[in-house]
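Visitor: I have the sequence and the fold open side by side. Could you walk me through them, one question at a time?

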Amino acid sequence: SSPMQQRSYDERSEEFSCKKNIDAFLVTKDVNITYLTHFPASESWLLVGRKKSFYITDFRYFHEAKKGLPKGVEVVRYSKSMFDTTFELASQQKLKHIGFDDRHISLASFKKLKARCSQRVKLTTANNFIEELRQIKAPEEIQLVREALAIHAQALNYLKGYIKPGISERDLLLRLANFVKAKGVGFSFDPIIASGPHSALPHAKVTNRKVLKNDIVLVDMGIDVKGYKSDLTRMFFLGKIPPLVSQTNEFVKTAQLKAIAKIRPHERAREIDAEARNYLEEKRLGKYFGHSLGHGVGLEIHEDPKISQTSTAVIQEGMIFTVEPAVYIPSQFGIRIEDMVLVTQQGCEVLSDNIH
């Protein structure tokens with residue numbers, strides 16, 4: 001069954017429609033359509049009405065969509081344009097107000113749609129509706145994230161055997177990619193394998209640099225299982241660890257534990273960020289922690305909620321997000337420890353707690 005059925009989507013859509021005074025919602029972002037229908041949408045739109053939904057696509061995806069979409073979603077093939085077909089459907093269904101998310105449609109497309117709808121159909125901005133639904137994970141979604149993490153653990157365990165002096169970052173990536181491919185899954189994003197001073201770059205590119213004796217290696221990677229992602233960063237230390245590196249690693253670990261201890265329903269995301277950030281400030285490392293503490297993970301590797309200093313999010317049971325404090329000392333080294341948590345009724349479960 002699709003998340004649309006699992007999550008009482010129709011009921012929430014009805015409630016939203018009444019609140020926003022809209023008759024239908026036009027979904028233009030592929031991943032949001034995939035979430036609602038469990039069908040891998042591509043270059044298509046979904047018009048969700050109170051009684052009926054329409055998947056608007058072209059001849060390339062028409063037959064595949066007819067087979068793959070759940071009951072209750074009618075597949076409509078457009079010939080002239082997406083805009084014309086949307087207007088025609090709105091007219092047929094006597095829709096007066098259509099909500100849409102203006103972040104997921106280009107200005108050019110919006111102008112064309114508005115011109116086509118003219119005065120007869122009003123377009124109303126209704127941002128973040130689907131993203132709000134996506135923040136709370138259904139049991140089936142949580143299970144897929146757990147499956148991604150199980151393969152992630154195997155991949156890291158395999159890679160550990162090759163992280164030795166003399167091997168290059170690129171060779172490590174190649175071995176990792178072959179292992180993941182053999183498992184029949186893919187990466188959530190291009191992995192980061194950063195050794196020595198490269199670890200001080202938050203988004204380091206994989207290079208031909210060879211791992212040295214007494215080096216540190218940062219591995220940031222994710223696995224994708226049926227669209228759902230994992231995202232973890234692990235540190236590997238070779239040989240003798242310099243005292244500054246060891247001490248910084250302990251501080252980052254403590255910052256993460258402090259933040260995790262604060263996670264519970266109704267807590268503010270920015271307070272969780274502050275817990276880690278303030279601790280690193282106390283240790284005079286705050287200036288080396290430049291990014292937010294975490295981000296939601298699901299069908300996208302970065303989704304709501306944002307766990308940052310400026311976030312307005314309030315934590316809710318069923319959210320999955322990363323907690324990743326870090327310290328990057330330019331030209332020297334970087335330490336990032338990133339785990340994934342699931343918010344529970346009382347606090348949170350660290351989904352990646354057993355992955356080392």
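**A tour by question**

Visitor: Is Ser331 buried or exposed?

Guide: Go by relative accessible area: under 20% is buried, over 50% is exposed and anything in between is partly exposed, using a 1.4 Å probe and protein chains only. Ser331 comes out at 68%, so call it exposed.

Visitor: Before we go on, from what number are residues counted along each chain?

Guide: This is a predicted model, in which local features need pLDDT of at least 70 and side-chain atom pairs count only at pLDDT 80 or more, while totals for chains, interfaces and linings use all residues. Side-chain values use heavy atoms, with hydrogens and water left out, and numbering follows each chain as its sequence is written, starting from 1.

Visitor: How many helices and strands does the protein chain have?

Guide: Both kinds of element are DSSP runs numbered from the N terminus: helices are H or I with at least four residues, and strands are E with at least two. By that count, the protein chain has 11 helices and 19 strands.

Visitor: And what share of its residues count as buried?

Guide: The C-alpha trace spans about 70 × 40 × 35 Å along its principal axes. Of the 356 residues in the protein chain, the share that count as buried is 55%.

Visitor: Back to Ser331. What is its phi?

Guide: Most residues other than glycine have a negative phi. Ser331 sits in the loop between strand 16 (326-329) and strand 17 (333-336). Although Ser331 is not a glycine, its phi is positive, at about 65 degrees.

Visitor: How exposed is Asn214, by relative accessible area?

Guide: Asn214 also has a positive phi without being a glycine, near 65 degrees. Look for Asn214 in the loop between strand 8 (192-195) and strand 9 (216-221). Asn214 counts as partly exposed because its relative accessible area is 35%.

Visitor: Which peptide bond is cis, with omega near 5 degrees?

Guide: Most peptide bonds are trans. The cis bond runs from Asp304 to Pro305.

Visitor: Which residue of strand 5 stands opposite Leu26?

Guide: Strand 1 (residues 24-27) and strand 5 (residues 97-100) run parallel, joined by 3 bridges. Opposite Leu26 you'll find Phe100.

Visitor: Which residue stands opposite Asp339?

Guide: Asp339 is in strand 18, which spans residues 339-343 and pairs with strand 15 in the antiparallel sense over 4 bridges. Both faces of strand 15 (residues 320-323) are covered, with Ile320 and Thr322 buried on one side and Phe321 and Val323 buried on the other. The residue opposite Asp339 is Val323.

Visitor: How does helix 10 run relative to helix 11, parallel or antiparallel?

Guide: Axes are lines fitted to C-alpha atoms, for helices over the stretch in contact, and angles run from 0 to 180 degrees between N-to-C directions. Under 35 degrees counts as roughly parallel, over 145 as roughly antiparallel, 65 to 115 as roughly perpendicular and the rest as oblique. Helix 10 (residues 243-261) packs against helix 11 at about 150 degrees, with the axes 8 Å apart. That makes the pair roughly antiparallel.

Visitor: How many residues of the contact of helix 10 with helix 11 are charged?

Guide: Contact means heavy atoms within 4.5 Å; Asp, Glu, Lys and Arg count as charged, Ala, Val, Leu, Ile, Met, Phe, Trp, Tyr, Cys and Pro as nonpolar, and the others, Gly among them, as polar. Phe251, Val252, Thr254, Ala255, Lys258 and Ala259 in helix 10 meet Ile272, Glu275, Ala276, Tyr279 and Leu280 in helix 11. The division is 8 nonpolar, 1 polar and, for charged, 2.

Visitor: What is the relative accessible area of Asp273?

Guide: Asp273 is found in helix 11 (residues 269-282). Leaving out residues up to four places away in sequence, Asp273 touches Ser292, Leu293, Ile307, Ser308 and Gln309. Asp273 is buried, with a relative accessible area of 1%.

Definitions and conventions:
Pairing = 2+ DSSP bridges.
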